[in-house]
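Here is my note on the side-chain contacts, point by point. Please keep the model open as you read.

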Amino acid sequence: MTNVVRTLAAAALLAAVACGDTPAAPRATSAVRAMPVGSLGDVSARMVAARGETVYATASGVTGRDLQLVFEHPGSGDHAFWRVGAGGVTSTGSYGVVPTTWSIVGAGDVSGDGIDDIYWQNAPTNSLVAWRLDANDALSASVPLASYAPAPWKVVAVADFDRNGSADLLWRNATSGDLVLWRMNGAALSSSAAVGSVPTAWQVAAIGDLDGDGTPDVFWQNTTTGARVAWRMAAGGIAIASTIDLGVVPTSWSIAAVGDYDDDGHADIFWQQPATGVLVVWRMNGATYLGTIAPGSPPAPWLLKAVRRAGGNGPGTVQVTVQSLVATGPSGTPVPADLSAVRGPLVATVTVNPAGTQVDSVRMEIGGTHTKCAALNVVGAAVQTTCTLQTSEFDATTGVPLALNGPGVLQFRAYYHPLGSFVGQVVTASQQAVTLANVSGVYAKVTNTPSAAQASVNAAGQTTGPQGVLWRAGSVRVTLLPVSYGTPAPTAPFVVTLQDANGAVAQRPAAQDAGAPTYSATFPGATAGAYDGTPGPAAATLDGYTSPNAGAPPTSPTGQLQAGTFVVVTSPAGPAGTTVLDAVGRVASLVANGVTTANVLGAPIYVDDQAPQPAAQFGTAGIPASNFAFTGSAYVGFVNATFAFATQLTPMFAVVPSNAGLGLTPVNGDFGGVDRTSTLFYAGSSTNAGVLTSGTPVTTGVQLAPNGSNTGYNLAVALFDALGNVRVQRVGGAVTLGASGTAATVTLPVSFGTDFLAPTVLQTAGFTTNTATSGAGPSVYQYAGTDETGFGINPILVTLSRTARITSATSPVGGQADVSSSDPATAGPTGTYCAVSVDFSGVPTFANTPGGVCQAIPTIGTVVIPAGLNGQYQIVAQARDQSGNLSAPLARTLVVDTKSPVFGGLAIPQVMMGGAPVPFFAAASDNLELGSASGAIGYGATPYALQYPDLVLGTPFDGAFVASSNPFQITVPSFIRSLAVYLAPALQSSPVVASVFTGFVSDVAGGVTSLSVPLPSANIPGTPATFVSLDPATNLETFALAPVGAAAPTISGGAAPATPTFVDLKVTWTGAKGVYLSPFQRVEIWVRTGTAPNGQSLHRLVGVLPGAVVTDGASDRSYTSTLRVAVGSPYVTAPSGGSRAYDFLAVGVSAAGDAIVSGYVTVTVVP
């Protein structure tokens, strides 16, 4: 024998493992596996072959792959083989002499060609070699295995555990009993896994697929006791699925190998007595022993070492191995089948091994009844599947069984074709003797003519509640068909009773159907409110009947009938009741009231001929008062186009049908039958619910014609269950349920009209424009609604939001606290606050809604903004009429700020040049927001202070309040450094230098705060000039302001047609004739607007006069210019009533910033 030996010491093997080259040495680490105590006992009698059974052929005559039995002579090293086919030895041969240091350890496929090769192991090196054999069983190559383990490990089995097409190696430690599986890829080691540890008294005897699941099983024998067991291995060969007891055999016998000797598709067990050489085979069907045969025996000391698949004659035989047979016990639970008395369904669990073919289907059959198993198109590895055969099946038209009682053969036929061929073949892969013992009886079929709704429900099974699989409505028909399996079937006359948990529901005799072997009884039924059983079962119908306890178990733990309606059949032949069969011939029996009866349909039927529960209330909170007013005897009102009847008037049902006091629910609404599935509303002029619901259903108000009467329509509802049962009711405000909850009396009916036109809303009090106010009193807004059908009882809906100042990142100047939006007295969180309610006087309650949207709330039409509650209010009012229509919104914005700003400080420039812009810097803050700032220059003891244009800091009504904590600039656009007063011709007062600056800040509501600072004269350069001089060219003789026309003019804002709307103010200044030059850069008109903190009069600039007209008169030269002043000119407005006087001042300003004033001229303004 040739071989490439790779000797590896244990340390070297472990080092190789560490490097990742080779899996770990076969050292098992799992717990010791206990071997079972045998239950079969001594089976020595099986070691004697039955006479005439030395050759056994398959029933179909189809031959699979031949086997080869390989023998070894331990003394000489000689090796021979027997070829076995169709259950007999067909030829013999020799593999020659091999040194006795080499021994056969098993057979398996090393090359993946489907032909088993012979594996050898050397002692003492433990090296391994596989002989590759060809289709003629001749040696084609010697393949060394690169990896092997040191002693005391030995290969004890060779088989393809992981089903990858390559044989794997099972190693065992002879000292410890540990087992390790090496998964191989051809001759290369792929991975290893520990299998377990078994005491060394147990030896691995052989390997083979006993149960036909495609995974090799491990056969064990105890060298001391003679006990033999097999491990059924799970897929992969590591886990043990179960253990099979093979019995106890004297220790003089050894399991030599496992293989399909008789070619029936099942592995058989080869036994040999080493002392005598005697060889016998146990024929097996899975774990079932079929018999013993003697193929012949070699002389001692020849030993059978391996059984291998030989080459040359195609694929093996398809195997169908029966794993278990299960029947249905008396209680309906699965039990092991008694093949001597089979009745009803027989469930087989089988393993299908295609053995190199494609299995298309497997059929299980007994006599004329058969079934197809679930496994189809099986290729490659074996698969497990189940087959269910109804042994009691019969022809539903004639009642003739497909198989009569008595002895029969249970067999499995495999339909297959060779790979690459489409020629179908069949093999009877398994056979067992059985005896059928089905019970004759009457098949009871329950039918009715379903409504479309019922047909839809039953087509998919009940899906709308916890009910049964099949419901019936209307009339129920019971058809009886006698069925005999060999013993006599019950005979007519038959009486059919429908019985539930409370006893007999209805009873009818069954009459024979014309020209048929069947008998029928019909139980009338139709939709009704409640079942009335008072006429007695013989006259009762199913009107209004619902099977009790639907979906519950048929019986309670105490044996009482619980669920469904049961068919009871009686005939004179059986006074205790006639045996009832189901559709596949099973006895439909039940344990009820402690007695097992065979005349009760085991699978209950469910009847629902009862209308759904009546509604106990309409609307989740009753009839909605927003649309319907209670008159004392009815509810009347209006609906609009979008009014949704099912939503606004949702039917509510009693949680317990007979007692609405336990609570209401919008769901369920049936009496234990099929759930209520739809609710339809109907409207019309009739007051009868049946007449109303015969029309077209309505979902929203737009489907109805407009009218102006709140009693124009009456309303009813139809409640449907999934079987089409319907209940109709008037919709009303009071519903009284009967004692059982199956009937209802509706009073206070609902009538209504339609109104599709929106109402209008008017404001009757309060600010009619967006307004900012600093007033300390409350602000009252009042609204009224009007509608063409009457405004009804509905409120004015108001959406009211309040926005406070956004809190500053830094403390406001002056330390003034931000406004709180929840409490005017304390600081609070920022954001938008929504009014969530108003009290009877209109005062709102606010809730913080950061980033939210305010919702409309009902009011009586009055909204009061409390005094001193600062902030910006957005008020949106809408009228809602009784039908739900909304008017267009009317919006107002109100800013309330009762706190004046805080002036933090002023800074004056170091140099203030006359005639040039001069900036002043200020700091101020407000509890809401600053609106504007301005500055005024006062001049010594004069009565004049000139106030300059406003700097805008914030605006109201924009919804965003900005804190002003940073300094801002107030600019005097052209600084007047001195001011003199014109007294008389050629006479003026001495010029007075600017002496004080007053800053003014106002908030967005008009609250004003001022701060005055003196102006150091050192900061004002230059010497003030006078306008009266000795130089004729510059000497100002006169400077006068006068109105054109009346000396005391009156103008109008337009409300007084006879009064002019403007006045022209003329300024004239004179000097020496022919030589006088005007000293003014500009001449301005100012109007008196108020009083400065120091008592000086404040003036605002109305306008600058245009260029003057120069005229030389008889004695002087004059300059004249006119400015038109009207209502609407800066700072000039008309009063709403009465009159108002405005005082105007003329100011002539030189280029150096010196000025002289003249005036006043008073102008009266009327509306």
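**Notes on side-chain contacts**

1. Start at R1124. Its charged end sits over the ring of F1062, 3.7 Å from the ring centre. Keep in mind throughout that this is a predicted model.

2. R1124 also has a charged partner. It forms a salt bridge with D1064, and the closest N and O atoms are 2.9 Å apart. This pair links distant parts of the chain: R1124 is in strand β78 (residues 1116-1126), D1064 is in strand β74 (residues 1062-1072), and they are 60 residues apart. Is D1064 buried or exposed? D1064 has a relative accessible area of 19%, and buried means under 20%, so D1064 counts as buried.

3. Now look at the salt bridges as a group. Side chains of opposite charge can pair when their charged atoms come close. How many salt bridges does the structure hold? The count is 14.

4. One of them joins D137 and R83, with 2.5 Å from N to O. D137 lies in the loop between β6 (128-133) and β7 (139-144), while R83 lies in strand β2 (residues 78-85), so the pair ties together parts that are 54 residues apart in sequence. D137 is buried, at 5% relative accessibility. R83 is buried too, at 14%. The pair also belongs to a network of salt bridges that links R83, D137 and R308.

5. Compare the salt bridge of D1112 with R1117. Here the closest N and O atoms are 2.8 Å apart. D1112 is partly exposed, at 42% relative accessibility. R1117 is buried, with a relative accessible area of 14%.

6. Next, the disulfides. The structure holds two. If the bonded cysteines are numbered in sequence order, the pairing is 1-2, 3-4.

7. Take C373 and C387. Their disulfide has an S to S distance of 1.8 Å. The link is right-handed, with 105 degrees about the S-S bond. C373 lies in the loop between β25 (369-372) and β26 (378-379), and C387 lies in strand β27 (residues 383-390), so the pair ties together parts that are 14 residues apart in sequence. Both cysteines, C373 and C387, are buried.

8. Then take C834 and C854. Their sulfur atoms are 1.9 Å apart in a disulfide. Why is this disulfide left-handed? The torsion about the S-S bond of C834 and C854 is about -80 degrees, so the disulfide is left-handed. C834 is in strand β55 (residues 832-838) and C854 is in the loop between β56 (844-848) and β57 (857-859), so the pair ties together parts that are 20 residues apart in sequence. C834 and C854 are buried.

9. Aromatic rings come next. A pair of aromatic rings is described by the distance of the centres and the angle of the planes. The structure holds 29 aromatic pairs. Among them is the edge-to-face pair of Y948 and W1086, 5.8 Å centre to centre, with 85 degrees between the planes. This pair links distant parts of the chain, 138 residues apart: Y948 in the loop between β64 (944-947) and β65 (951-952), W1086 in strand β75 (residues 1082-1091). Y948 is buried, at a relative accessible area of 7%. W1086 is buried as well, at 1%.

10. Two items remain. Ring pairs link F628, F643, F645, F681, Y713 and F752 into a cluster. R1088 lies over the face of Y1160, at 4.2 Å from the ring centre.

Note on methods:
Residues are numbered from 1 along each chain as its sequence is written. This is a predicted model: local features need pLDDT of at least 70, side-chain atom pairs count only at pLDDT 80 or more; totals for chains, interfaces and linings use all residues. Side-chain values use heavy atoms; hydrogens and water are left out. A salt bridge is a side-chain nitrogen of Lys or Arg within 4 Å of a carboxyl oxygen of Asp or Glu. Helices (H or I, at least four residues) and strands (E, at least two) are DSSP runs, numbered from the N terminus. Buried means under 20% relative accessible area, exposed over 50%, partly exposed in between (1.4 Å probe, protein chains only). A disulfide is a pair of cysteine sulfur atoms within 2.5 Å. Rings of Phe, Tyr and Trp (its six-membered ring) pair if their centres lie within 6.5 Å; planes under 30 degrees apart count as stacked, over 60 as edge-to-face and the rest as tilted. A charge sits over a ring if NZ of Lys or CZ of Arg is within 6 Å of the ring centre and within 35 degrees of the ring normal.
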